[in-house]
Structures are given as C-alpha cells and as structure tokens.
Amino acid sequence: MTYSEVFEHFGIPAQESIYRFAPVFRGVLDGREVVVKRTHAAEKMTRWLAHLAALDFPVRTPLTPWTRLGDASWVAYPWIQGREFAGTAADLAAAGSLLGRLHTLPGAHLPEFVWPNPDAASVAEDVEGLAKPLHAHRPEVAEAVMARIGPMLAGFTAAQLPAIREAGLPTRDVTMDFKAANLVYTADGPVLIDPDNGEHVPRLLDLALAVLLFHNDLDGGPGRVFTAEEWAVFRDAYLSHVELTDDERRLWPTALEYMLLEWGTWAAIEAGPAGDWDDPRQAAFLTDLLTVDLGRFSLA
C-alpha cells in the first residue's frame, strides 16, 4: 500500500519514515507530538500495554485506538522526550534492570510464541543466505563462520530447538526486541518505546536475544556485541530482579545458541538486501555477532 491513507487518517504530513527498517512517521495530533507506526495482534497488544502502564512499568502506550489500514494495524504513540543510549555502565545497568522488571511481571496477554519448524530446504536456504554476504563482505572470516554455524543450523531441530521447547521454562509477555535502539532515557530512567513485536515467550530466549542484539541497528553504537564487562553489568542488574530457575541456568548456553541460529543469522541474512553490510558500523556488529564466543556471557 501507499502510506497516503495513513497520513490522511492520522492527520500528519506525507513524509519518509524516520526508521529505515519499517514505516514509522512523526507528526502532531491534538497538540501532541506523536509517532505513528504499525503493530501486530493489535487488541492483545493494547491490553498488554495498558496492563504494563497500570503496573507503572515505563513503556510507551497508544494515544489512539488502533485502526486497520491496508493490510496492517496502525497506532499513534506519544513522542517520548529523552536521550539515546550512551553506552555507559549506568545506562547498561538501567537497561538490564528494566528487562529484569519486565520478566517478573504477571499476565499472559500476548500471542503465544510459535516454535519454528525448519525443514532441509529452509536450512539449506539459510546456509546459502548467510554464506553469500559473508563471502562478499567479510571473506576473511567466511569459511570459519560457515564451518561453525552451518552444522549448527543443520542440527538445530535435533538439538537446541527441542531442548528449549520441551523444558517447560517460565514464560512471560516480552517484546522480543529489547535493544538499545528501542529505549529512550529520561530523567526517571529508560522507557521502552517499541513493544510491538511482543509475544508470550520463554523469558530465557528473550534474555538471550537481548544479549546478542542489544547493539543492533544502533546509530552511533559500538559496532559489536557486549563485551564481557558490559554483559556483567547488564546481567547483574537483570538478576537483581529475576531469580532464574535451575533449568534456565542449565539451558542458558543452549538458549544463546538458539537465538544466534534463529535471530542472529536472520539479522545477518536480511542485512544483505537492506544494504547493512555496506555500512561499516553495522557490518562490524554483524561480524562480531557471528564470530563471538558465547562463553563470554556466563551467568556466574
């Protein structure tokens, strides 16, 4: 669809998206600065965000009821005044604490997580899709990365997937997109500004995703995943709220592998068509992601 219908419905000027990965538009509605964007599972998302707000959890909540335009649901959120993540220990601790708070909150408002079911053809497609940008943009690490990740992708349905799926791990409503680019820091601490990918998921997977992709898509970011020192700050703040179960601790290395294979390789593959491998900072991040020693992220 063209976005003229969106601009007309919300009364905002025609414009380019302020976010390069999805249509996100800025304007003024009833005298307030707003962000207009798509959401999924709109009714459930609306209930979840109201639930979080009632619990005083700092998240951006809709200013308007969602509306169906074209093939998507759209909503207007308030523009949150604040600053971007600055990479300091204090900012890392605040982010870890916020995720920990989220992972303790009760309720099951969001859609249930759908477990993947890859077949041989989709695995082969992923292997090819990952190898192509690596050989084109990072030939010096391509063979080593594919020798490591290729067999893991082939063994995913027999190893990481059933280990996590069948463990009965604690589940929570989470964003499945907890990263620095989705936080705005105010005088009262960080506010979660993009909850719209949320699902009801084993919280361990959401933590693993945050660890691996926290610096993803971050303008001015460090171009890498967490260092061991950064992870320790984030982890300790998170664990000040969450008491992980014995099974969660035992399966933590598996959860990291799971999210590297599912979300990490997806990010690297999709970065090709998006042109992210041509961006030195994002290419450096993706390279570090695909070559990182997951043992860096110990829970000890």
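Predicted model: local features only at pLDDT ≥ 70, side-chain atom pairs only at ≥ 80, totals over all residues.
Reader: In what order do the four strands lie in the open sheet?
Author: The pairing in this sheet is antiparallel. Its edges are strand 1 (24-29) and strand 3 (67-69), each pairing on one side only. From one strand to the next, the twist averages 40 degrees. The order is 1-2-4-3.

Reader: How do helix 4 and helix 10 lie to each other?
Author: Helix 4 spans residues 120-137 and helix 10 spans residues 252-274 (helices are DSSP runs of H or I, at least four residues, and strands are runs of E, at least two, numbered from the N terminus). Their axes come within 8 Å and cross at roughly 55 degrees (axes are lines fitted to C-alpha atoms, for helices over the stretch in contact, with angles from 0 to 180 degrees between N-to-C directions). Angles under 35 degrees count as roughly parallel, over 145 as roughly antiparallel, 65 to 115 as roughly perpendicular and the rest as oblique. The two helices are therefore oblique.

Reader: Which element gives the most to the lining of the largest pocket?
Author: This pocket has a volume of about 1500 Å³ (the space filled by probe spheres set on grid points joined across faces, edges and corners). A pocket is an open set of points on a 1 Å grid where a 1.4 Å probe fits, with protein on both sides within 12 Å along at least five of seven lines; lining residues have an atom within 4 Å of a point. There are 47 lining residues, and Tyr19, Asp177, Lys179, Asn182 and Asp194 lie nearest the centre. The most, six residues, comes from helix 10.

Reader: Which helix gives the largest share of the lining of the second largest pocket?
Author: About 230 Å³ of space lies in this pocket. Its lining includes Glu125 and Lys132, along with Trp266 and Glu270. Helix 4 and helix 10 each supply at least two lining residues. The largest share, six residues, comes from helix 10.

Terms used:
Residues numbered from 1 in each chain as written. Heavy atoms only, no water. Pairing = 2+ DSSP bridges.
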